[in-house]
Amino acid sequence: MADLPRKLLAEMLGTALLLAVVIGSGIMAERLSGGNTAVALLANTLATVGGLYILIEVFGPISGAHFNPAVSAVMAVRRELPASSLVPYVAAQLVGAMLGAWLAHAMFDMSILQFSTKLRSGTGQWIAEAVATAGLLLVILRAPAGRAPAMVAAYIGAAYWFTASTSFANPAAVFGRMFSDSFAGIAPASAPGFVLAELIGALIGLAVHNAFEPRLHPAGHPNVIESSGQQKNQIAE
């Protein structure tokens, strides 16, 4: 099993690359779409789906590929992530998210240090974030063995379009996007409402999962985090 420093490096690097994909593709889409927001969002969605799938496959065996404090918190509640690892995981994800935003800016010759002015607020947006995060956790917790990377990526792609908030579903993504005044950004003033809605959504997703009859998984843990990077033969339900 990978030791904690390696897991934290994987979480930081994976989250950084995820935010670079989300923000970088948003910048490229905005530049090439000629002002067509729907086309820009479609391009942003496709890049995010592909990038997320690859990152989960690459970093999942090391750290579980959470890239998301809400996911890490739920895994800690379920004792699939040691409680002592939760704060380091979240710190690594937040640092990675900020670095990912800066990396995207560097690639597009933009000012590295900036803050978003894009306001995202209102009841509809908060409900959308709760729904997006609840669905994400439900997919993670109930995906069949080996299927979670594709299912998570597909769900996030769909949620870009069926939620009013375009499905951040991730407090680290909110944090990173605050540092980018671009298509994918979110104003710091809007961040607390998003994060609170996401945490509530994560609890809802966990509650819905627990409400179903437990499933048997002879091949090991079914979800994307694979018990936070542990080998399958070390995991028991």
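D109 sits in the loop that links helix 4 (83-107) to helix 5 (123-142); helices here are DSSP runs of H or I with at least four residues, numbered from the N terminus. This is a predicted model, where local features need pLDDT of at least 70, side-chain atom pairs count only at pLDDT 80 or more, and totals for chains, interfaces and linings use all residues. Residues are numbered from 1 along each chain as its sequence is written, and side-chain values use heavy atoms, with hydrogens and water left out. The phi of D109 is near 55°, a positive value in a residue other than glycine. D109 counts as exposed, at 72% relative accessibility. Buried means under 20% relative accessible area, exposed means over 50%, and partly exposed is in between (1.4 Å probe, protein chains only).

A65 also has a phi near 55°, and it is not a glycine either. You'll find A65 in the loop between helix 2 (37-63) and helix 3 (69-77). A65 is buried, with a relative accessible area of 4%.

R6 belongs to helix 1 (residues 4-32) and is partly exposed, at 49% relative accessible area. R6 and S63 are 57 residues apart along the chain, yet their C-alpha atoms are separated by 7.7 Å.

## Helix 8, inside and out

The buried residues of helix 8 are A191, F194, A197, E198, G201, A202, G205, L206 and H209. Their cover includes helix 3, helix 5 and helix 7 (171-177), going by contacts, meaning heavy atoms within 4.5 Å.

V208 is in helix 8 (residues 191-211) too, but V208 is partly exposed, with a relative accessible area of 34%.

The chain averages a pLDDT of 91, and 89% of the residues score at least 70; pLDDT is the predictor's confidence in each residue, from 0 to 100. Among the elements, helix 7 has the highest mean (98) and helix 9 (residues 226-229) the lowest (53).

Over residues 218-223, pLDDT stays under 50. Where pLDDT is low, the predicted coordinates should not be read in detail.

Definitions and conventions: Helices (H or I, at least four residues) and strands (E, at least two) are DSSP runs, numbered from the N terminus.
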